Amino acid sequence: HRHFPKTPFLPKRSNSVEYCEDVLNLQVHGLLRRWQHTHAESLVIGISGGLDSTLALLVCALTADRLGYNRSQVIGVTMPGFGTSDRTYHNAIELMGQLGISIHEIPIRDMATQHLNDIGHDIHQHDITYENAQARIRTLILMDMANKYNGIVVGTGDMSELALGWATYCGDQMSMYGVNAGIPKTLVRYLVKYAAENIFGERTREILLDIVDTPVSPELLPTDEDGNIAQKTEDKVGPYELHDFFLYYFLRYGFTREKIAYMANIAFEGVYSEEVIAHWLNVFMRRFFTQQFKRSCMPDGPKVVGVSLSPRGDWRMPTRAEQEELLNNCTWTWTTQKGVNGYKVVGSNGNSIFLPAAGYYYGSSLEYAGSVGFYWNSAPYESGSAYFLCFNSGNHEMYYDYRYNGQSVRPVLE
């Protein structure tokens, strides 16, 4: 039967060196242009000892080299918190030393404890407030360091995290330039390994390869009794190799959930069961649409692998204003096209779109298909909810609901 590669973002072996060089050059060139245009004196970057910040740091160092700047103009800040493991801490410190950048260590435990006490949050309650407070404190430190040293904050989050919304809003979600924003997680790992084996010296190579082997974690929950990572991202959101597979065929080709599931079942036969694939595909679809609000204000970053999640180019969520334009200034006609009920919406210029009454997913159950349409926009309403366009055969209006509902998106292409 047909074959689909498990890792569509990764190169074939025959051109892996050229591909990796091209990707790194695109990242370096994008950061180089931003550094020059802002007339900044430094790059400020948070270093955790994890994959994403490692790749971003390597790009910062290579960018300084390309410009003929001293690597001391790259300011690395490691900020140990409640969940920082011995392994990632030592890798962060030693990697910065090996690369010859400026090193700052600013522990955040006392600051986070004081902040949680100030807002009346129990320090022993390890919930989303406990986790996100640490992420936002780290971003505050980086932004203030950038002011102090006339620099720009280089973001480290990757495209897979952006797709899943696996970032703290106004925390690690925010920076002044997201150098990894166009790199999916599977490619991040591949690039760090490539750099270890082809660019850097022996000791740096050892550190990089250990980072490649370290479990992916935000390290926001306390370590175990032995000082090891207790919080592992893939236990929570699922395997990144699956999510990157979903992301590739969803973004590049716009395939439906059903077609992506069919392809994934072939690609990962013997690795994941159909039930496991269906579960994580549902998680991907739900998180992709409900977390758009984080991407709507994401920083600039280079487009690297042919697709992008930036709201300033390619496909994006429509804004509330754009949907209100449809409601207030267009003609709506209930009709059936190719056996599908929905509205033909015609603008004053004569252009039209068809919005199917696609219903929505509640869990794994499809509700109201053929009679009602629900279309998200990018505007949040309040905590946990957002605005959407709602219609049936007799009415069309703006409403709001919880983001966990699996409603449709009619994307806008810029």
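Student: Which residues does Phe 288 touch, if I skip the ones up to four places away in sequence?
Tutor: In this predicted model, Phe 288 touches Ala 163, Leu 247, Phe 250, Leu 251, Arg 295 and Leu 309 when residues up to four places away in sequence are not counted, where contact means heavy atoms within 4.5 Å.

Student: And which residues touch the most other members of the largest nonpolar core?
Tutor: Among its 91 residues, those are Leu 57, Phe 245, Phe 246, Phe 284 and Phe 288. A nonpolar core is a set of buried Ala, Val, Leu, Ile, Met, Phe, Trp, Tyr and Cys residues joined through side-chain atoms within 4.5 Å, and buried means under 20% relative accessible area, with exposed over 50% and partly exposed in between, for a 1.4 Å probe and protein chains only. A second, separate core has 17 residues, including Val 77 and Ile 137.

Student: Before we go on, how are things numbered and counted here?
Tutor: Residues are numbered from 1 along each chain as its sequence is written. Local features need pLDDT of at least 70, side-chain atom pairs count only at pLDDT 80 or more, totals for chains, interfaces and linings use all residues, and side-chain values use heavy atoms, with hydrogens and water left out.

Student: OK, new topic: is Gln 134 buried or exposed?
Tutor: Gln 134 is buried, with a relative accessible area of 0%, and its place is in helix H5, residues 128-148; helices (H or I, at least four residues) and strands (E, at least two) are DSSP runs numbered from the N terminus.

Student: What does the side chain of Gln 134 reach?
Tutor: The side chain of Gln 134 reaches the backbone oxygen of Tyr 130 at 3.0 Å. This is a polar contact, meaning a pair of N or O atoms within 3.5 Å; within protein, one must be able to donate a hydrogen and the other to accept it, and residues adjacent in sequence count only if both atoms are side-chain atoms.

Student: Where is Ser 175, then?
Tutor: Ser 175 is in the loop between helix H6 (159-164) and strand S5 (177-178), and it is buried, with a relative accessible area of 8%. Its side chain reaches the backbone nitrogen of Tyr 177 at 3.4 Å, and a polar atom of that side chain lies 3.3 Å from the backbone nitrogen of Gly 155.

Student: Last one: in what order do the strands of the open sheet come?
Tutor: The order is S7-S8-S9, with antiparallel pairing, and two strands pair if DSSP finds at least two bridges between them. Strands S7 (331-337) and S9 (352-356) each have a single partner strand, so one side of each is left without a neighbour in the sheet.
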